[in-house]
Amino acid sequence: MASDRILGLVVIIVALAYVASAFQIQASFLSDPVGSRTFPILLGCVVILCGVSMILRPDPEPDWPAASRFIQLGIATLVMIGYAYSLKPLGFLLPTAAAAGILSYQIGQRAGPAILTGIGLSGGLFILFKYVLGLGLFAVPKGLFG
Amino acid sequence: MDTLANLALGFGVALSPFTLMLAVLGCVLGTIIGALPGLGPSNGVAILIPLAFTLGLDATSALVLMTSVYYGAMYGGRISSILLNIPGDEPALMTTLDGYPMAKQGRAGDALVLSGVASFAGGLLATIGLIIMAPLLARVAYLFGPAEYFALYLLAFCTLGGMASNNQAKSALAACIGLGIAMIGLDNTTGMPRFTYGNLHLMDGVDFLVAIVGLFAVAEVFFFIESHGKDSAIGVKLDKITIPIRDIGRSTVTMLRASLIGFVAGVLPGAGASLGSFLAYMGEKTVARDKDTFGTGNPKGIAAPEAGNNAAAGGALVPMLTLGVPGSGTTAVLLALLMTLNITPGPLLFTERPEVVWGLIASLLIANVVLLILNVPLVKIFVKVLMVPPWVLLPGVTMISFVGIYSLSGSYFDLLLMVGFGVLGYFLRKMDVPTVPIILGILLGNAMEDSLRRAMVISSGDWTFLFSSPIAIGLWIAAFAGFIAPIFLRPFLKKPQRITD
């Protein structure tokens, strides 16, 4: 119940912001009867209707995971963001092994297999990407070996 | 005899050793992707698209590879349905109803072979249907102007939304999220930036591959972390594979009926394979004399949904190729592939690039035969694939997704966007907001707006032009009905729940 109402409210606020920024779209000298603004504004209005409907007639509450699982999900998200940033400066092998290992531990809950998975995936995928698919990946940081 | 000449052209393209190899490769990959729980067809095809680009394949080869994966995934979905009671993908849900009980009776091999043969029948009949119907529909498609296209896009969102969620408001919301994201970037008509907030990365708009991989693959990882990868051990044993000739013989008519139902469901824009297998199963249950054995391992209950879902997979290609409107989530991903390859689906495709269309159709026929061989005698190999534990599989999928998207654009921004879509996808799916309409929205948003604006240019701003032709009116009525009908039909068409032991 509550989740749907919150989502409905969030959706309405986002839609209002969307419509507001649709009004800010610069007009161009090339104009047509509809223009750049109409379609986005129309979409915003439909979304507001959906949001109202969700507030008035919410579905049963979905079964949210416990708080500890949410922390896990947050960690997973941070790992992925970190992985995205480290892929270029640190090369492929190290970040991949770390990220795959952590994700594997989060799913399987066992440290040993997770470490092996991280190392195995990073090595295996590197060979696959670099030598079979011919992607220009760097195994280790570029500056390290000159 | 045009058709035969075209088919000959198609086989000329498809029978080259390289294309044939791609078809076989695609079938194997597809079956594996379909079989693995948590890695559905749209998912799998989406992850493979960036890799297909890095291989430097030309349009026809890339298309052959991906459609083989697509057909293969439809075959593979049944393996985990039958052995694990977990549908490998959404359309395979109906196969669990009779497949798993039959497997528990010690007839897992029979169930796998029977469903493989049913998949073949469905796939083959649907491909024949595609050969007959697609050129006809392509001719009708010439009559479509911007007003008709606008109504058609609307129809796709309405029927898809009607089926995808239990709450109409949520599916409409999903479609609008997708359409809204599509608006980001430069306006096609005027060239002015919209919703970019001065960010250069957003000028090109949001790449749909980023959204697809994020919403499907990354979100799946979150789901597995939440559940700690529970419930994915093989529940039944598979020993010898024999061919249950009696069961196959008895369900021949079932397969034919189910294929027809599935094909029609697939052709409807936005309805797709899940609806096909569902209607095929329910239809078969209604006409069968032994109704009460459905759900306890009735062979017909395995043959019907499998034939139905594979027929729908073929049927969904008809509107995708002729009108550029996909009939399901996976065909939406295939459409994304076509657009990235600079091929515009539509009636012109049939006259301007016949080698693409007919090469594709011929390779579908070949893929079907290859899949039958892979899935009946060699099914044991694929069963081994199910042994891959989720704590190896999901990290692997994540890493492949990252490298795939990174190789596409080489920007951090897209990777972060992908993670963002993953988080969004997790929350939306938790709240029963379907994600497929979002993909469809991102994919079709600009085309939909363009058709509206072109229609208004033609009519110099007269809105009644949208309802000015019989085709347009028909499409508007169908769209309206498609959106409203499920509300009233829901009490009657309740999806059967998964059997739990």
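## Close-up views of the contact between chains A and B

View 1. Between chain A and chain B, 10 residue pairs are in polar contact, both residues being at pLDDT 80 or more. A polar contact is a pair of N or O atoms within 3.5 Å; within protein, one must be able to donate a hydrogen and the other to accept it, and residues adjacent in sequence count only if both atoms are side-chain atoms. The model is predicted, so that local features need pLDDT of at least 70 and side-chain atom pairs count only at pLDDT 80 or more, whereas totals for chains, interfaces and linings use all residues; side-chain values use heavy atoms, with hydrogens and water left out, residues are numbered from 1 along each chain as its sequence is written, and chains are lettered from A and ligands numbered from 1 in the order in which they are written. The rule finds 2 salt bridges across this interface (a side-chain nitrogen of Lys or Arg within 4 Å of a carboxyl oxygen of Asp or Glu). A:Asp59 and B:Lys170 form a salt bridge, in which the closest N and O atoms are 2.9 Å apart.

**View 2. The side of chain A that touches chain B.** At least two residues of this side come from each of helices H1 (2-23), H2 (38-56), H3 (67-86), H4 (93-108) and H5 (111-132) of chain A; helices here are DSSP runs (H or I, at least four residues) and strands likewise (E, at least two), numbered from the N terminus. H3(A) provides the largest share, 11 residues. By class, the side comprises 40 nonpolar, 15 polar and 8 charged residues, where Ala, Val, Leu, Ile, Met, Phe, Trp, Tyr, Cys and Pro count as nonpolar, Asp, Glu, Lys and Arg as charged, and the others, Gly among them, as polar.

**View 3. Extent of the contact and its buried area.** With contact meaning heavy atoms within 4.5 Å, 63 residues of chain A and 64 residues of chain B take part. The two chains bury about 5,700 Å² between them, 78% of it on carbon and sulfur atoms (buried area: the accessible area, 1.4 Å probe, that two parts lose on being put together, summed over both). Of the area that chain A buries against chain B, A:Phe39, A:Met80 and A:Ile107 account for 13%, more than any other three residues.

**View 4. Aromatic pairs within and between the chains.** Over all chains, the structure holds 17 aromatic pairs (rings of Phe, Tyr and Trp, its six-membered ring, with centres within 6.5 Å; planes under 30 degrees apart are stacked, over 60 edge-to-face, the rest tilted). A:Phe70 and B:Phe427 are stacked, at 6.3 Å centre to centre and 10 degrees between the planes. Because A:Phe70 lies in helix H3 of chain A and B:Phe427 in helix H19 (residues 412-430) of chain B, this pair joins two chains. A:Phe70 is partly exposed at 29% relative accessibility, and B:Phe427 is partly exposed at 34% (buried: under 20% relative accessible area; exposed: over 50%; partly exposed: in between; 1.4 Å probe, protein chains only). B:Phe222 and B:Tyr426 form an edge-to-face pair, their ring centres 6.2 Å apart and their planes at 65 degrees. That pair links distant parts of the chain, 204 residues apart: B:Phe222 in helix H8 (residues 208-227) and B:Tyr426 in helix H19 of chain B. B:Phe222 is buried at 2%, and B:Tyr426 is buried at 2%. Ring pairs connect A:Trp64, A:Phe70, B:Phe222, B:Phe223, B:Tyr426 and B:Phe427 into a cluster.
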